[in-house]
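Biologist: I'm new to this one. Could you take me on a close look at the sheet, strand by strand, and then at whatever packs around it?

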Amino acid sequence: MSYELQALIGTLELLRVAAAEVPAARVVPLAQGLALIPVTSGVLAALQGDGSVRKPGGGSGFSWYSDGFELRLAAWSKAGPLACVEAEYYGGSGMQRAVVWEDGRVVLGPLAVGEFEPVPPEGAPISRALRRIGARTEEGRSDEFDSVGLGAHRSTGSWAGTDRVGVD
């Protein structure tokens with residue numbers, strides 16, 4: 001079974017403000033007062049700026065991360081911490097990336113765990129990013145990823161198409 005996610009994660013209030021600037025953006029509530037915006041092709045196109053996409057492995061490490069996208073993340077993060085996350089798994093192997101912005105600058109990362117690399121003792125990149133923006137592991141849950149509900153859907157497209165999209 002596969003899992004694929006490209007998303008921005010922050011507080012529900014912060015992401016509502018951010019989504020108001022990007023018509024293609026959808027806000028999906030998570031647990032613990034957090035929410036995500038699935039980074040769909042429409043969201044990405046709206047945030048491309050001049051269209052200069054950074055090379056994979058350079059800068060942030062995200063293959064779809066542009067200069068315009070980075071400028072928008074920096075601006076939004078002045079209102080609160082904002083995580084940019086990416087995961088891709090198939091059959092138990094895959095990768096994760098995460099970076100956290102706050103006060104207009106990167107405060108965590110970029111973090112990455114590649115295919116067949118062990119997860120460091122401090123946790124996987126997405127869980128570490130979630131922890132940095134305020135998520136906590138709940139009793140009976142394996143980590144912050146599980147605690148906020150990121151396992152509810154298996155793809156970015158599924159997150160964008162849920163009934164919970166467009167929170168009022």
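Modeller: Let's start with strand E1, residues 2–11, and strand E4, residues 82–90: eight bridges hold the two together in the antiparallel sense. Bear in mind that this is a predicted model. You can pick out some of the facing residues along that pair. Glu-4 sits opposite Glu-88 of E4, and Leu-8 has Cys-84 of E4 across from it.

Now stay on E4 and look to its other partner. Strand E5, residues 93–102, runs antiparallel to E4, with nine bridges joining them. Glu-88 turns up again here, with Met-95 in E5 as its bridge partner. E4 and E5 make a hairpin with two residues between them, and Gly-91 in that turn has a positive phi of about 60 degrees.

Zoom out a bit and the whole sheet comes into view. Its six strands are ordered E2-E3-E1-E4-E5-E6, the sheet is open, and the pairing is antiparallel. At the edges you'll find E2 (28–29) and E6 (105–113); each has a single partner strand, so one side of each has no neighbour in the sheet. As for what holds such an arrangement together, strands of a sheet pair through backbone hydrogen bonds, either parallel or antiparallel.

Helix H1, residues 12–20, lies across E1, E3 (34–38) and E4, and it runs at about 95 degrees to E1. Helix H3, residues 67–76, packs on the sheet too, touching E1, E4 and E5, with its direction at about 130 degrees to that of E4.

If you'd like to trace the chain from end to end, it has six helices and six strands in total. Starting at the N terminus, the elements go β-α-β-β-α-α-β-β-β-α-α-α.

Is Glu-144 buried or exposed? Its relative accessibility is 6%, so Glu-144 counts as buried, the cut-off being under 20%. Leaving aside residues up to four places away in sequence, Glu-144 touches Ser-127, Leu-130, Arg-131, Ala-135, Arg-136 and Thr-137.

Last, the chain as a whole. It has 168 residues, and 47% of them are buried. Of the contacts between residues at least 6 apart in sequence, 52% join residues at least 24 apart. The chain exposes about 8000 Å², and carbon and sulfur atoms supply 51% of that.

Conventions: Residues are numbered from 1 along each chain as its sequence is written. This is a predicted model: local features need pLDDT of at least 70, side-chain atom pairs count only at pLDDT 80 or more; totals for chains, interfaces and linings use all residues. Side-chain values use heavy atoms; hydrogens and water are left out. Two strands pair if DSSP finds at least two bridges between them. Helices (H or I, at least four residues) and strands (E, at least two) are DSSP runs, numbered from the N terminus. Buried means under 20% relative accessible area, exposed over 50%, partly exposed in between (1.4 Å probe, protein chains only). Contact means heavy atoms within 4.5 Å. Axes are lines fitted to C-alpha atoms, for helices over the stretch in contact, and angles run from 0 to 180 degrees between N-to-C directions. Accessible areas come from the Shrake-Rupley method with a 1.4 Å probe; for residues, only the protein chains shown count as cover.
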